[in-house]
Amino acid sequence: MPELPEVETVRRTLIDLVAGKRIQSVTVKLPRIIQPPVEPEQFADALAGHTIQTVERRGKFLLIMLDGIVLVSHLRMEGRYSVNKADEPTALHTHVIFHFDDGTELRYKDVRQFGTMHLFKTGDHFQLPPLNKLGIEPLEPAFTLSALRERLDKRKMSIKPLLLNQEHIVGLGNIYVDEALFQARIHPERPANTLKPAEWMRLHESIRSTLASAVEAGGSSIRSYVNGQGEMGMFQHSFSVYGRKDEPCKVCSRPIKKFVVGGRGTHICENCQPAPKE
Ligand SMILES: [Zn+2]
């Protein structure tokens with residue numbers, strides 16, 4: 001599933017491709033992608049004639065900003081955007097097509113069909129679900145050490161599920177939580193209220209640095225990131241623990257272990273990230 005760095009990379013790619021384009025019409029082939037408050041039947045009419053001004057991001061959501069309206073898009077597992085000429089063949093699993101008046105199209109393809117699109121009047125979009133309860137942006141200046149501790153340091157729950165909860169901090173998913181906890185040398189099952197001041201400092205720094213370096217990697221690999229069909233999606237990044245079960249830890253050479261925390265596959269080095277004391 002795309003996390004903050006991937007969504008940010010899609011945003012940066014998309015902005016160059018669609019800003020300034022006027023939507024002539026919209027084809028919705030899979031109505032359940034379209035979420036309230038706008039009904040799927042009204043979605044196309046509501047967008048026709050509007051011009052895309054810019055593309056923003058909030059957490060893992062893309063915000064396609066038009067004149068007076070905002071399209072909030074979540075890619076979930078497999079959502080992909082591409083910009084094509086109207087006469088290019090349409091890929092299988094293309095569910096929504098935005099036809100521009102310059103003969104190009106923005107196409108949304110989603111094999112798993114879990115993606116969502118919400119349409120709001122500009123200004124309403126932060127008042128209503130899904131954006132109304134989102135937590136702090138980890139790459140913004142407001143994400144300070146004290147902001148992190150204020151949200152989490154009284155909680156008895158394990159640190160990993162707390163970091164995954166988008167109501168506290170946005171943008172982190174299973175991959176970057178594992179990476180950040182490894183860098184901070186914190187076991188994912190440590191109750192948050194047992195973390196020491198030095199550990200909070202390391203965690204704050206590692207959240208920022210893992211996300212920032214992944215955004216940078218995404219930016220530098222944009223060309224390879226848009227595939228032959230012009231689709232924007234996941235990019236391969238080198239991870240320290242994620243997806244490296246049984247491979248040697250990059251710090252101490254012991255094998256990376258995989259187990260389940262809060263229902264999620266979790267990668268750690270047991271040596272670098274000692275288990276909580278019973
Ligand atoms: Zn290690």
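Two residues are taken to be in contact if their C-beta atoms, placed from the backbone, lie within 7 Å. On that basis, and leaving aside its neighbours within four places in sequence, Arg76 is in contact with Met1, Arg112, Phe114 and Gly115. The model is a predicted one, and its domain assignment gives domain 1 (4-121) and domain 2 (145-268).

**Domains and annotation**

- The centres of domain 1 and domain 2, taken over C-alpha atoms, are separated by 28 Å.
- An unreviewed UniProt entry lists residues 240-274 under "domain: FPG-type", and in the model this span is 0% helix and 29% strand, with its end C-alpha atoms 17 Å apart.

**Arg76**

- Arg76 is found in the loop that lies between strand S4 (69-74) and strand S5 (79-85).
- Arg76 has 16 other C-beta atoms within 10 Å and is therefore partly exposed, since that class falls between the limit of 12 or fewer for exposed residues and that of 20 or more for buried ones.
- Between Arg76 and Asp178, which are 102 residues apart in sequence, the C-alpha to C-alpha distance is 19 Å.

**Asp102**

- Asp102 is placed in the loop between strand S6 (94-100) and strand S7 (104-110).
- Asp102 counts as exposed because it has 12 C-beta neighbours inside 10 Å, and a residue is exposed if the number is 12 or fewer.
- Asp102 and Ala46 are 56 residues apart along the chain, and their C-alpha atoms are separated by 19 Å.

Key: Residues are numbered from 1 along each chain as its sequence is written. This is a predicted model: local features need pLDDT of at least 70, side-chain atom pairs count only at pLDDT 80 or more; totals for chains, interfaces and linings use all residues. Domain bounds come from an automatic or database domain assignment. Helices (H or I, at least four residues) and strands (E, at least two) are DSSP runs, numbered from the N terminus. UniProt positions are given in the numbering used here, feature names are shortened, and annotations may be inferred rather than shown by experiment.
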